[in-house]
Amino acid sequence: MAELSPDGRRLAICYTSIRDDGSHPPDRVLLFDRTRPEEGAIEVYARPVAELQGWRWSDDGSRLYVSWEGQIPGQNGPRGSTGTDVVDLNTKTKRPLKLPTFKDADGAEQEMRFATASADGQTLLLVGQGLHVATADAKLLRRLSQPDVLVSAANVRLSPDGRLVLYTVFHLSAERNQLLV
């Protein structure tokens, strides 16, 4: 998978991890400057023993928001830890993005999923029992969809002026027992 920077100059490319015990899900992001192909790609993010779920450029191209999912050490099964880190591409530093939580259908506390950020990074769109608007310090401002709507975090887009949101929802078809977009 690759994401083109807003200026079209750089590619953020996810790489699969290959270790002694085989090939594993992508766990690092490399940047490739298309205007300087002779320089090769540089690693800007790594989270060993986690699977990168997606990454988004900030509108100005100075940050990458990287969402990941990792298994809880010593446990098998689908539930694990999730999160989003913000990579400052100027300083090559990363910090965790604090995200609010919600209770899922089973009553378990879950962290919301990062979808996208405003141009200044101060407003976030998050998914967890619908689509929400939150501040960068994890304060929920309002819900944009019904709570029972399944929103795909990977398909949320914010207009450049921050006034419009485009997102994909899934509906369960009762007749066919499948998801419809």
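Tyr65 and Phe114 are both buried, where buried denotes under 20% relative accessible area, exposed over 50% and partly exposed in between (1.4 Å probe, protein chains only). The model is predicted, so that local features require pLDDT of at least 70 and side-chain atom pairs count only at pLDDT 80 or more, while totals for chains, interfaces and linings use all residues. Residues are numbered from 1 along each chain as its sequence is written, and side-chain values use heavy atoms, with hydrogens and water left out.

The structure holds 1 aromatic pair. The ring centres of Tyr65 and Phe114 lie 4.8 Å apart and the planes meet at 15°, so the pair is stacked; rings of Phe, Tyr and Trp (its six-membered ring) pair if their centres lie within 6.5 Å, and planes under 30 degrees apart count as stacked, over 60 as edge-to-face and the rest as tilted. Distant parts of the chain are linked by this pair, with Tyr65 in strand E6 and Phe114 in strand E11 (residues 113–117), 49 residues apart.

The protein chain contains 0 helices and 19 strands, taken as DSSP runs numbered from the N terminus (helices H or I, at least four residues; strands E, at least two). Of its 181 residues, 39% count as buried. The accessible surface of the chain is about 11000 Å², and 50% of this area belongs to carbon and sulfur atoms, as computed by the Shrake-Rupley method with a 1.4 Å probe; for residues, only the protein chains shown count as cover.

Phe114 has Leu126 in E12 as its bridge partner. E11 and E12 pair in the antiparallel sense over 4 bridges, pairing being assigned if DSSP finds at least two bridges between two strands. The hairpin of E11 and E12 has 5 residues between the strands, and Gly121 in the turn shows a positive phi of about 75°. Strand E12 (residues 123–127) is mostly covered, with 4 of its 5 residues buried. E12 also pairs in the antiparallel sense with strand E13 (residues 131–135), over 5 bridges, and Leu125 stands opposite Val133 in E13. In the hairpin of E12 and E13, 3 residues lie between the strands, and Gln129 in the turn has a positive phi of about 55°.

In soluble globular proteins, nonpolar side chains tend to be buried together. The largest nonpolar core comprises 15 residues, and Val29, Tyr45, Leu52, Trp55 and Leu64 have the most contacts inside it; such a core is a set of buried Ala, Val, Leu, Ile, Met, Phe, Trp, Tyr and Cys residues joined through side-chain atoms within 4.5 Å. Two or more residues each are given to this core by strands E2 (10–19), E3 (22–33), E4 (42–46), E5 (51–57) and E6 (63–71). A second, separate core of 11 residues includes Tyr65, Leu97, Leu99 and Phe102. Beyond its neighbours within four places in sequence, Leu64 is in contact (heavy atoms within 4.5 Å) with residues including Ala12, Val29, Trp55 and Val87.

An open sheet is formed by 4 strands in the order E1-E2-E3-E4, with antiparallel pairing. Its edge strands, E1 (2–4) and E4, each pair on one side only. Asp27 is located in strand E3 and counts as buried because its relative accessibility is 8%. Leaving aside neighbours within four places in sequence, Asp27 has contacts that include Tyr15, Arg19, Tyr45 and Arg47.
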